Amino acid sequence: MLRATNWDLIALAALLPPMAAVAVAWPFWKSGRFIIGNVAGLAVVLVACLFFGFSEYADALKFRFWCAETSTPCKPTGSGDFMRISVFAFIAMIQAMLLHVVSAMKEHRLDRAKYDVGWR
């Protein structure tokens, strides 16, 4: 017996942290403090990655304890647990890259607004 992939948790991890990170970073970006905004947004992404990774780890431990308590022959997962947890790390890496891209676009737009129209 193998555990099923929790696609709802993966979808939540893919959608919720970037929205929260941009919401946290946006006021800093708007005032021109892009580095502070990036750090604040990345802190949100990191905390979300740790939360979702640890919840998947706890689910794997709960499954192992269930197998041991019920004496059910469960197949060893091998690298399966690592892959399940690393999915959340990969999602967080993509989110961090997207946060930096959005920040760079916002910074570029704000920087170009400072120049005279003739020099653009």
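User: Where is Ser71 found, and is Ser71 buried or exposed?

Analyst: Ser71 is found in the loop between α2 and α3. With a relative accessible area of 63%, Ser71 is exposed, because exposed means over 50%.

User: How should I read the confidence of the model, and what is the average pLDDT of the chain?

Analyst: Where pLDDT is low, the predicted coordinates should not be read in detail. Here the chain averages a pLDDT of 88, and 91% of the residues score at least 70. Confidence is highest in α1, at a mean of 94, and lowest in α3, at 90.

User: How many residues has α3, and how far does it reach?

Analyst: Helix α3 covers residues 80-113, which is 34 residues. From its first C-alpha to its last, α3 reaches 50 Å, close to the 50 Å expected.

User: Which residues of α3 are buried, and which helices do they pack against?

Analyst: Start with the general idea. An α-helix has 3.6 residues a turn, so residues three or four places apart point the same way. In α3, the buried residues are Asp81, Phe88, Ile91, Ala92, Gln95, Ala96, Leu99, Ser103 and Lys106. They pack against α1 (7-30) and α2 (34-70).

User: Take Ser103 in helix α3. What is its relative accessible area, and which residues is it in contact with, leaving aside its neighbours within four places in sequence?

Analyst: Ser103 has a relative accessible area of 2%, and therefore counts as buried, the limit being under 20%. Leaving aside those neighbours, Ser103 is in contact with Trp29, Phe34 and Asn38.

User: Is Met97 buried or exposed, or is it in between?

Analyst: Met97, also found in helix α3, is partly exposed, with a relative accessible area of 43%. Its C-alpha atom is separated by 9.7 Å from that of Leu42, 55 residues apart along the chain.

User: Which residues line the largest cavity, and what are their classes?

Analyst: The lining consists of Ala13, Pro17, Val45, Ala48, Cys49, Phe52, Phe88, Ile91, Ala92 and Gln95. By class, 9 are nonpolar, 1 is polar and none is charged. Each of α1, α2 and α3 supplies at least two residues of this lining.

User: Cys49 is in that list. Why does Cys49 count as buried, and what is it in contact with beyond four places in sequence?

Analyst: Cys49 lies in helix α2. It counts as buried because its relative accessibility is 19%, and buried means under 20%. Leaving aside neighbours within four places in sequence, Cys49 is in contact with Phe88, Ala89 and Ala92. Two of these residues, Phe88 and Ala92, also line the largest cavity.

Note on methods
Residues are numbered from 1 along each chain as its sequence is written. This is a predicted model: local features need pLDDT of at least 70, side-chain atom pairs count only at pLDDT 80 or more; totals for chains, interfaces and linings use all residues. Side-chain values use heavy atoms; hydrogens and water are left out. Helices (H or I, at least four residues) and strands (E, at least two) are DSSP runs, numbered from the N terminus. The expected span of a helix is 1.5 Å times one less than its number of residues. Buried means under 20% relative accessible area, exposed over 50%, partly exposed in between (1.4 Å probe, protein chains only). Contact means heavy atoms within 4.5 Å. On a 1 Å grid over the protein atoms alone, a cavity is a set of points where a 1.4 Å probe fits but cannot get out, and a pocket is an open set with protein on both sides within 12 Å along at least five of seven lines; lining residues have an atom within 4 Å of a point. Ala, Val, Leu, Ile, Met, Phe, Trp, Tyr, Cys and Pro count as nonpolar, Asp, Glu, Lys and Arg as charged, and the others, Gly among them, as polar. pLDDT is the predictor's confidence in each residue, from 0 to 100.
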